[in-house]
Amino acid sequence: MQAWRVHRNGEPGEVMRLEETDRPTPGDGQVLVEVRAANVNFPDALLCRGQYQVRPPLPFTPGVEVCGTTEDGRRVLATPALPHGGFADHVVADEAALLPAPDALDDAEAAALHIGYQTGWFGLHRRARLQPGETLLVHAAAGGVGSAAVQLGRAAGAKVIGVVGGPEKAAVARELGCDVVVDRRSEDIVAAVKEATGGRGADVVYDPVGGDAYTRSTKCVAFEGRILVVGFASGVIPTPALNHALVKNYSVLGLHWGLYNVKDPAAVRACHDELTELAEQGVVKPLVSERVPMAGAADAVQRVADGTSTGRIVVLPGGAR
């Protein structure tokens with residue numbers, strides 16, 4: 001079969017190589033899945049760079065979520081067992097963690113529903129306790145993670161302010177349904193958020209960026225607001241000033257969605273049921289900006305790493321719909 005493999009750590013466009021290799025062999029409790037669509041995530045770039053929290057042995061195949069078909073014909077969502085990641089014709093995955101792919105979504109959309117939307121749902125509902133009528137500030141609102149949070153925030157009845165970088169991404173954020181869009185390249189985020197909220201600030205901040213985005217968030221978070229730390233796409237991990245959190249009376253919340261797979265897998269399945277229902281109602285629909293063939297995977301991962309993409313880029317090994 002074909003698979004993209006990484007033999008040394010570095011930038012995705014430099015170290016990912018498309019090769020012919022053997023199909024992976026399922027271990028105890030695992031199944032073989034034919035990949036129909038593999039969603040590109042920022043962690044795929046971190047895996048290539050050797051900067052992710054999990055470091056699979058070299059060589060490995062990146063790709064952390066797929067929509068595929070099991071040998072008994074089930075259409076499923078899966079998180080492949082590394083080092084045999086999703087940018088391949090076949091993967092192995094834990095049987096217990098497989099989730100049914102929603103009928104309302106095609107393969108590319110379904111592949112993008114899993115990690116980003118689960119992260120958004122757990123972050124907004126389990127960690128930040130977002131309430132109807134509150135204001136949600138989403139950084140990188142036109143990206144894969146941010147676009148999911150925008151849709152879920154609207155579904156929860158929140159007013160959504162989306163922060164983006166550039167006019168093209170601003171247009172995408174408006175199409176997603178953001179009530180207010182702030183272009184960080186030409187506007188003052190803090191001033192814009194305060195103006196949009198009558199000086200109160202954002203009740204919940206969804207931050208997959210870190211760095212300057214986090215710093216600005218602390219200046220426009222509301223009384224009893226919650227800053228949700230989801231990731232550090234900027235490459236800069238903030239050092240929170242806890243005295244500032246004390247004086248302004250806000251909370252800083254961390255979210256590592258993967259822990260729920262270990263600590264509370266039933267909650268992951270319940271979340272998937274809710275996301276499936278929202279997809280069937282048309283309330284959420286992953287923003288798939290590009291569907292690329294297998295040959296385009298390395299370039300796609302590099303563009304996500306560089307922050308130049310919008311929505312989700314999905315790799316289609318073949319046979320997808």
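The model described here is predicted. In this model the protein has twelve helices and 15 strands. Its radius of gyration is 19 Å, close to the 20 Å that the globule rule gives for 321 residues, so the protein is as compact as a globular protein of that length.

**Overall build**

- The C-alpha trace of the protein spans about 60 × 40 × 35 Å along its principal axes.
- Of the 321 residues, 55% count as buried.
- Among contacts between residues at least 6 apart in sequence, 66% join residues at least 24 apart.

**Surroundings of Val 315**

- Val 315 belongs to strand E15, which covers residues 312-316.
- Leaving aside residues up to four places away in sequence, Val 315 touches Ala 37, Ala 38, Val 40, Phe 87, Val 292, Pro 293, Met 294 and Ala 297.
- One of these contacts, Ala 297, is 18 residues from Val 315 in sequence, and the C-alpha atoms of the two residues are 6.1 Å apart in space.

**Helix H2 and its cover**

- Six of the eight residues of H2 are buried, so this helix is largely enclosed by the rest of the structure.
- The buried residues of H2 are Phe 42, Asp 44, Ala 45, Leu 46, Leu 47 and Cys 48.
- The cover over these buried residues includes strand E1 (2-6), helix H1 (12-15), strand E2 (16-20), strand E3 (30-39) and helix H12.
- Just after H2, Gly 50 adopts a positive phi of about 75°.

**Packing of H2 against H12**

- Two packed helices are described by the angle between their axes and the distance between the axes.
- Helix H2 (residues 42-49) packs against helix H12 (residues 297-306) at an angle of about 100°, and the two axes are 8 Å apart.
- Because angles of 65 to 115 degrees count as roughly perpendicular, H2 is roughly perpendicular to H12.
- On the H2 side, Phe 42, Asp 44, Ala 45 and Arg 49 make the contact, while H12 contributes Val 301, Val 304 and Ala 305.
- By class, this contact of H2 with H12 comprises five nonpolar, no polar and two charged residues.

**The six-stranded sheet**

- Six strands form an open sheet with parallel pairing, in the order E10-E9-E8-E11-E12-E13.
- Strand E10 (180-183) and strand E13 (251-254) stand at the edges with a single partner strand each, so one side of each is left without a neighbour in the sheet.
- From one strand to the next, the twist averages 20°.
- Strand E9 (residues 159-164) runs parallel to E10 and is joined to E10 by four bridges.
- Within this pairing, Ile 161 has Val 180 of E10 as its bridge partner.

**Helices lying across strands of the sheet**

- Helix H7 (residues 189-196) lies across strand E8 (135-139), E9, E10 and strand E11 (202-207), and runs at about 165° to E9.
- Helix H8 (residues 212-219) lies across E8, E11, strand E12 (221-229) and E13, and runs at about 160° to E12.

Methods: Residues are numbered from 1 along each chain as its sequence is written. This is a predicted model: local features need pLDDT of at least 70, side-chain atom pairs count only at pLDDT 80 or more; totals for chains, interfaces and linings use all residues. Side-chain values use heavy atoms; hydrogens and water are left out. Axes are lines fitted to C-alpha atoms, for helices over the stretch in contact, and angles run from 0 to 180 degrees between N-to-C directions. Helices (H or I, at least four residues) and strands (E, at least two) are DSSP runs, numbered from the N terminus. Angles under 35 degrees count as roughly parallel, over 145 as roughly antiparallel, 65 to 115 as roughly perpendicular and the rest as oblique. Contact means heavy atoms within 4.5 Å. Ala, Val, Leu, Ile, Met, Phe, Trp, Tyr, Cys and Pro count as nonpolar, Asp, Glu, Lys and Arg as charged, and the others, Gly among them, as polar. Two strands pair if DSSP finds at least two bridges between them. Buried means under 20% relative accessible area, exposed over 50%, partly exposed in between (1.4 Å probe, protein chains only). The radius of gyration is taken over C-alpha atoms; the globule rule is 2.2 Å times the number of residues to the power 0.38.
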